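Here's a friendly walk through the structure shown below. Keep the 3D view open while you read.

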Amino acid sequence: MDILKAIALGLPMTLLVTAVSLGIGSLVALPLLAGLRSGRTAVRFLTRAVIDILRGIPPIVWLFILFYGISVGTFKLSAFWAGVIGLGVVAGAYLTEIFRGALGAVNAGQWEASEALGLDRFTLWTRIIGPQGLRVAIPGFTTYGIGLLKDSSVVSTIGVAEIVYLTQQNARMSGQGIVVYFIAAAIYIMLSMPLGMLSRNLDIKMRKAVAR
Amino acid sequence: MNTILQDIIDYGPTLLGGLKISLALTGLSLLFGTVFALVFALGITSRNTALRWTSTFFVEVGRGAPALVLLQLMYYGLPNASITLTAFASATLALTWTAAAYMAEYIRGGLAAVPGGEIEGAQALGMSHADTLRFVIIPQGLRIALPALMGFAVLLFQATSLAYSVAVPELMSQAYSAGSSSFKYLNLFIIAGAIYAAISIPATWLSVGAEKHLAKHL
């Protein structure tokens, strides 16, 4: 029981790292999405290259580049910020693909109708395509979020005190490695299952709100 | 720029030695993972309760727990049960578990996507259930699952970098130890990142190509 308590202390940090990285990822995804949809071949090509590079390098390498590699004068990123920025930019690349797929799933008639009505681009995106696209993107987004919840464990390697970091410490001190690691695994499983169910329910509701 | 070129010359061989271990880790866990994934995929839909529950347990834990937790469980945890594995063996075991759990779902999807007519045809020919599985369902199901499996192989290759945390001397470990002895962290991690990218990016293109190819011929 004491072990469970000790490990569970890392839970808020795990959730915070996941949420902040997901937020950074969503912000990074928007310009990348615009880049992929650009009319200029050069911009599309460059954006594709950025996405490929972000996804082609393991998250732990990004974390280490940011944490150990970057120091300008006396400026150095803290472990937390190196962690969430590293995970965030990688998430941005994956989320771009999810958002792109969702926009593709919005019925072409919605674009045509908006044009026929003479809606300006701002209204088109904020009132017609954006909301419908977001609804389609939700299952992909939450699935990625659940994956990120587990991937957030890599920030333990640069010393952020989340679940895995505390688990490692506890395994060393208590000498009950197996139990400690199984408890940590159980916490992650118990976190992802309800999130998965929530996302499926949300998906069923949201699907009804998108025009076919 | 000169210094990074110099670092490539100085540390290139060490990093490439690490890459070999990363690739060996990927290959072994992919190989064992596929075998277990097939067993789990069949096990989850099996009528045998024990087999169904065992498969479900391994798949749920393998997908639900972070690979990092499984890695450390094998390396720091198992010694408590008087099982001591080398770092490489525990990393292979942990990544095999993760790989088998994820690939079981892809393979299950692939098997389910084999057209019903194929199975009816096999039955009409009087094939036994085992032969239908072996000659009709599994070969076609694996073919359907192939692009997803290739995509996963890329992620698995990247996941071998986690083995750094249990001191397997793979690419990431080599970059870190070279970095900590020379204080050229930035250059070394950039070179390591470039090596990962040089393998992951073309491999991803290959899996996308396989998907398009398959879409045309199915």
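## A salt-bridge network in chain A

A salt bridge here is a side-chain nitrogen of Lys or Arg within 4 Å of a carboxyl oxygen of Asp or Glu. With that in hand, look at A:Arg48, A:Asp52, A:Glu97 and A:Arg100, which salt bridges link into a network. This is a predicted model, in which local features need pLDDT of at least 70 and side-chain atom pairs count only at pLDDT 80 or more, while totals for chains, interfaces and linings use all residues. Residues are numbered from 1 along each chain as its sequence is written, chains are lettered from A and ligands numbered from 1 in the order in which they are written, and side-chain values use heavy atoms, with hydrogens and water left out.

Start with A:Arg48, whose side chain meets that of A:Asp52 at 3.8 Å, N to O. Both sit in helix 3 (residues 41-56) of chain A, and being four residues apart puts about one helical turn between them. (Helices, H or I of at least four residues, and strands, E of at least two, are DSSP runs numbered from the N terminus.) A:Arg48 also forms a salt bridge with A:Glu97, with the closest N and O atoms 3.0 Å apart. That one ties together distant parts of the chain, since A:Glu97 is in helix 5 of chain A, 49 residues apart from A:Arg48 in helix 3. A:Glu97 meets A:Arg100 as well, at 3.2 Å, N to O.

How open are these residues? Buried means under 20% relative accessible area, exposed over 50%, and partly exposed in between (1.4 Å probe, protein chains only). A:Asp52 is buried at 12%, and A:Glu97 is buried at 19%. A:Arg48 is partly exposed at 27%, and A:Arg100 is partly exposed at 39%.

## Aromatic rings

Rings of Phe, Tyr and Trp (its six-membered ring) pair up if their centres lie within 6.5 Å; planes under 30 degrees apart are stacked, over 60 edge-to-face, and the rest tilted. Across all chains, a search of the whole structure turns up 23 aromatic pairs. Take A:Phe64 and B:Tyr164: their ring centres are 5.2 Å apart with planes at 90°, so they're edge-to-face. A:Phe64 lies in helix 4 (residues 59-69) of chain A and B:Tyr164 in the loop between helix 6 (129-159) and helix 7 (171-182) of chain B, so this pair joins two chains. Both residues are buried.

## Where the chains meet

Contact means heavy atoms within 4.5 Å. By that rule, 35 residues of chain B are in contact with 34 residues of chain A. Together the chains bury about 2,800 Å², 74% of it on carbon and sulfur atoms; buried area is the accessible area (1.4 Å probe) that two parts lose on being put together, summed over both.

How many salt bridges are there between chain B and chain A? The count is zero. On chain B's side of the meeting, helix 2 (49-64), helix 3 (67-77), helix 6, helix 7 and helix 8 (185-217) each supply at least two residues. Helix 8 of chain B gives the largest share, 10 residues.
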